[in-house]
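I am opening a notebook on this structure and will write down what I look up, entry by entry. Here are the sequence and the model to follow along with.

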Amino acid sequence: GHNWQLDCQVVPAGTSTGRVQQTSGESPGTSLVLTFPAPVTPGNAVIVAVNGYYSGTVTGITLGGTSGTFAHVASAGGTGGTNAGIWADFSAPSAETAVTVTANAAGILAWAWEAAGAVALDTASGSTGTGTSWSSGTTPQTIPYPHLAVGTAVLTASTGSISPAGWVNEASYGDVAGADGHAIAGVSGFQMAPSSGTYAYTGTSSATAAWGAAAATFLIVEGHENP
């Protein structure tokens with residue numbers, strides 16, 4: 001297979017606890033390489049939202065060519081049909097810039113974040129449907145500490161545009177050629193939350209489409225040295 005790296009967009013690296021840097025891209029093939037603007041810090045988390053691959057599954061996510069331990073933490077509701085999901089490696093093993101996503105069906109959209117601090121999954125939600133409005137559904141209440149919330153949504157079999165509501169949204173992609181001739185559109189976004197709450201990633205599309213959406217919240221606790 002071919003490695004595709006198309007229309008990738010990056011956000012410069014930072015130093016604060018929480019969201020550090022972000023990258024995204026799309027591919028009409030079965031493999032997509034995302035490149036962070038700077039190597040991730042070993043021990044930080046890498047969170048990846050992946051959409052598309054109609055009626056298929058994600059077969060691998062690697063950081064710098066190493067499989068690592070990416071866990072599937074949120075899903076739109078299945079491994080077939082309209083797919084939107086979130087994966088996380090809670091401790092990057094080495095300072096790498098490349099995240100490679102592979103699937104067994106064509107058409108991949110993906111967004112990746114590096115998050116600093118002690119990061120752990122708290123809550124998640126996911127849903128699928130058909131229409132011009134979409135939603136991940138509401139996550140359970142998070143525990144009362146700072147969080148990074150990540151949401152993602154995909155449209156299939158539609159050339160309509162996708163418009164999320166609220167959140168800080170990253171690059172959106174549309175009309176990506178996918179498996180079985182389906183056009184795929186997708187978007188992903190995040191929130192940095194100071195305390196507890198519930199979260200739903202919601203929005204609309206300009207045309208009726210099958211959709212999937214997912215959200216996950218990650219506990220972020222800054223580390224402290226003992227005196």
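**Entry 1: the whole chain.** I looked up the surface: the accessible surface of the protein comes to about 8,800 Å², and 51% of it belongs to carbon and sulfur atoms; accessible areas come from the Shrake-Rupley method with a 1.4 Å probe, and for residues only the protein chains shown count as cover. I note that this is a predicted model, in which local features need pLDDT of at least 70 and side-chain atom pairs count only at pLDDT 80 or more, while totals for chains, interfaces and linings use all residues. Residues are numbered from 1 along each chain as its sequence is written, and side-chain values use heavy atoms, with hydrogens and water left out.

For secondary structure I find 0 helices and 16 strands, where helices (H or I, at least four residues) and strands (E, at least two) are DSSP runs numbered from the N terminus. Of the 227 residues, 51% count as buried, a word that stands for under 20% relative accessible area, with exposed for over 50% and partly exposed for in between (1.4 Å probe, protein chains only). I also looked at contacts, meaning heavy atoms within 4.5 Å: among those with a separation of 6 or more, 79% are between residues 24 or more positions apart.

**Entry 2: confidence.** The average pLDDT, which is the predictor's confidence in each residue from 0 to 100, is 85 for the protein, and 87% of the residues score at least 70. Strand β3 (residues 31-35) has the highest confidence, at 97, whereas strand β1 (residues 6-11) has the lowest, at a mean of 39. Over residues 1-15 the pLDDT is below 50, yet this stretch has 45 contacts in the model beyond near neighbours in sequence. Residues 223-227 also stay under 50, and for them the model has 0 contacts beyond four places in sequence.

**Entry 3: a salt bridge.** Which residue does R19 pair with in a salt bridge? I find E170, with the closest N and O atoms 3.6 Å apart; the rule asks for a side-chain nitrogen of Lys or Arg within 4 Å of a carboxyl oxygen of Asp or Glu, and by this rule the count comes to 1 salt bridge. R19 lies in strand β2 (residues 18-27) and E170 in the loop between β13 (168-169) and β14 (173-177), so the pair ties together parts that are 151 residues apart in sequence. Both R19 and E170 are buried.

**Entry 4: T82 and N83.** T82 is in the loop between β6 (71-75) and β7, and it counts as buried because its relative accessibility is 13%. Its side chain joins that of T156 in a polar contact of 3.0 Å, a term for a pair of N or O atoms within 3.5 Å, where within protein one must be able to donate a hydrogen and the other to accept it, and residues adjacent in sequence count only if both atoms are side-chain atoms. Beyond four places in sequence, T82 touches several residues, including Y54, T128 and W211.

N83 belongs to strand β7 (residues 83-89) and is buried, with a relative accessible area of 0%. The side chain of N83 reaches the backbone oxygen of G81 at 3.3 Å, and a polar atom of that side chain lies 3.4 Å from the backbone oxygen of G56.

**Entry 5: two buried strand residues.** A45, in strand β4 (residues 45-52), has a relative accessible area of 0%. A45 and A118 are 73 residues apart in sequence, and their C-alpha atoms are 8.3 Å apart in space. V150, in strand β11, is buried at 0% as well, and among its contacts beyond four places in sequence are I47, W113, W167 and F218.

**Entry 6: backbone angles.** Most residues other than glycine have a negative phi. What is the phi of Y53? I read a positive value near 35° for Y53, which lies in the loop between β4 and β5 (58-63) and is buried, with a relative accessible area of 4%. S55, found in the loop between β4 and β5, has a positive phi of about 60° although it is not a glycine, and at 45% relative accessibility S55 counts as partly exposed.
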